[in-house]
Every structure is written in C-alpha cells, then in structure tokens.
Amino acid sequence: MATEQTYIMIKPDGVQRGLTGEIIGRFERRGYKLVAMKLVHASQEHLEKHYADLKGKPFFPGLVKYMASGPVVAMVWEGKDVVKQGRALLGATNPLASAPGTIRGDFAIDVGRNICHGSDAVESAKKEIALWFGEQNPTINYTRAVDTWVYE
Ligand code: DAT
Ligand code: MG
C-alpha cells in the first residue's frame, strides 16, 4: 500500500480543552509522521469551503460558528493507510458511538463538540490540504531514523 497523506485538525474545543498534545501524541505513537502543522483562527468563509459538502444541513450554521470560535491546529500526517487509520484513531463522528480508546470515545460526548477532524478519503485529503496549506505542496519531506522500526 502506497504512503498517503491526510488532513487532521484539532477543533477549537480540542485546543481549549488542552488536548492538542494528547491528539498529536496518538498519531506519533502509532508511528505516523507529521509533515505540516500550524495554528489557525479560520474565517467563517474559509470554514464554509471546508464543509461545503454539508451546506444545507440543519446543523451547518452552528458547525461553522463553532469552528470559527477559536484557533484550530491544522496538520498533515503521512504514512501507510493513514487516511483510514486516522479516522479510526479519531473514532465515530458522534462521540456517543465512538469506542473507548479512540480520541472521541475518550474525550468527547456531543457530536457538535467532537474535538477533531480527519479527511474521509485520499482525494478529499488532497483538497483539504490545499485549502488549509495552499496549492503548492506545503509538506516537509524528511526521513526519520525510527522509520525502519515502524515499517518492515
Ligand atoms: P466527520 O467529521 O466524521 O467527517 P461529517 O463530515 O459528516 O463527519 O460532519 C462534519 C462535522 O459536522 C462533524 O464532525 C460534526 C458535525 N456534524 C455532523 N453530523 C452532525 C449532526 N447530526 N448534528 C450536529 N453536528 C453534526
Ligand atoms: Mg467529514
């Protein structure tokens, strides 16, 4: 399976609740590689683009307001199967349906305060990385000594 990239974002509630290190740590400990990261206080207009697929849903205005309510941590993580595995690390969209051991299953209760975002496919990851980091490839290309202990 080819190495891929995913867009992972710690939402304003995750930042406010001091869960940034915890969430980053789970991706690090799994073996994935951080290749881009920044703190952003996004505009409503930017968030409407990020969630364009959900425009028209009854919760859309509240979702955009919540996401614009404070800074988020925007990240790109890289590794084998990272899009699907990243979603598994986050847990189900609704934290009440998330298994303990997942990020949402351990730290969240309401769907409108589910503390993190992860791309749902390789193609949407590409779009989201371009939206949050720019069209030029923004990721850092580097090798880690530990990679030979993570991958066979
Ligand atoms: P995910 O974040 O798992 O990709 P999604 O793309 O369907 O889920 O929805 C984006 C976000 O919108 C989700 O993280 C929380 C919010 N959301 C989704 N369904 C909702 C609902 N029924 N009520 C309130 N907020 C909802
Ligand atoms: Mg989604």
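Predicted model: local features only at pLDDT ≥ 70, side-chain atom pairs only at ≥ 80, totals over all residues.
Reader: In which hand does H2 pass H5, left-handed or right-handed?
Author: Residues are numbered from 1 along each chain as its sequence is written, with chains lettered from A and ligands numbered from 1 in the order in which they are written. Helices (H or I, at least four residues) and strands (E, at least two) are DSSP runs numbered from the N terminus, and a crossing is left-handed if the near helix is turned anticlockwise from the far one by less than a right angle, right-handed if clockwise. The crossing of H2 past H5 is right-handed.

Reader: At what angle do helix H2 and helix H5 pack?
Author: Axes are lines fitted to C-alpha atoms, for helices over the stretch in contact, and angles run from 0 to 180 degrees between N-to-C directions. The axes of H2 (residues 20-30) and H5 (residues 82-90) lie 11 Å apart. H2 is therefore oblique to H5, a class that holds what is left once angles under 35 degrees (roughly parallel), over 145 (roughly antiparallel) and 65 to 115 (roughly perpendicular) are taken out. The packing angle is about 135°.

Reader: Which residues of H5 make the contact with H2?
Author: Contact means heavy atoms within 4.5 Å. H2 contributes Arg 26, Phe 27 and Arg 30. From H5 come Gln 85, Gly 86, Leu 89 and Leu 90.

Reader: Within what arc do the buried residues of H4 fall?
Author: Buried means under 20% relative accessible area and exposed over 50%, with partly exposed in between (1.4 Å probe, protein chains only), and in H4 (residues 60-67) the buried residues are Phe 60, Leu 63, Val 64, Tyr 66 and Met 67. Seen down the helix axis, and judged by the directions from that axis to the C-beta atoms, these residues line one face of H4, because they fall within an arc of 165°.

Reader: Which exposed residues does the other face of H4 carry?
Author: The buried residues of H4 are covered by elements including strand E1 (3-10), helix H1 (12-16), helix H3 (44-50) and strand E3 (72-80). The face turned away from that buried side carries Pro 61 and Lys 65.

Reader: How far apart in space are Met 9 and Ile 115?
Author: Met 9 is found in strand E1 and, at 0% relative accessibility, counts as buried. Beyond its neighbours within four places in sequence, its contacts include Met 67, Ile 115 and Trp 132. Although Met 9 and Ile 115 are 106 residues apart in sequence, their C-alpha to C-alpha distance is 8.5 Å.

Methods: Heavy atoms only, no water.
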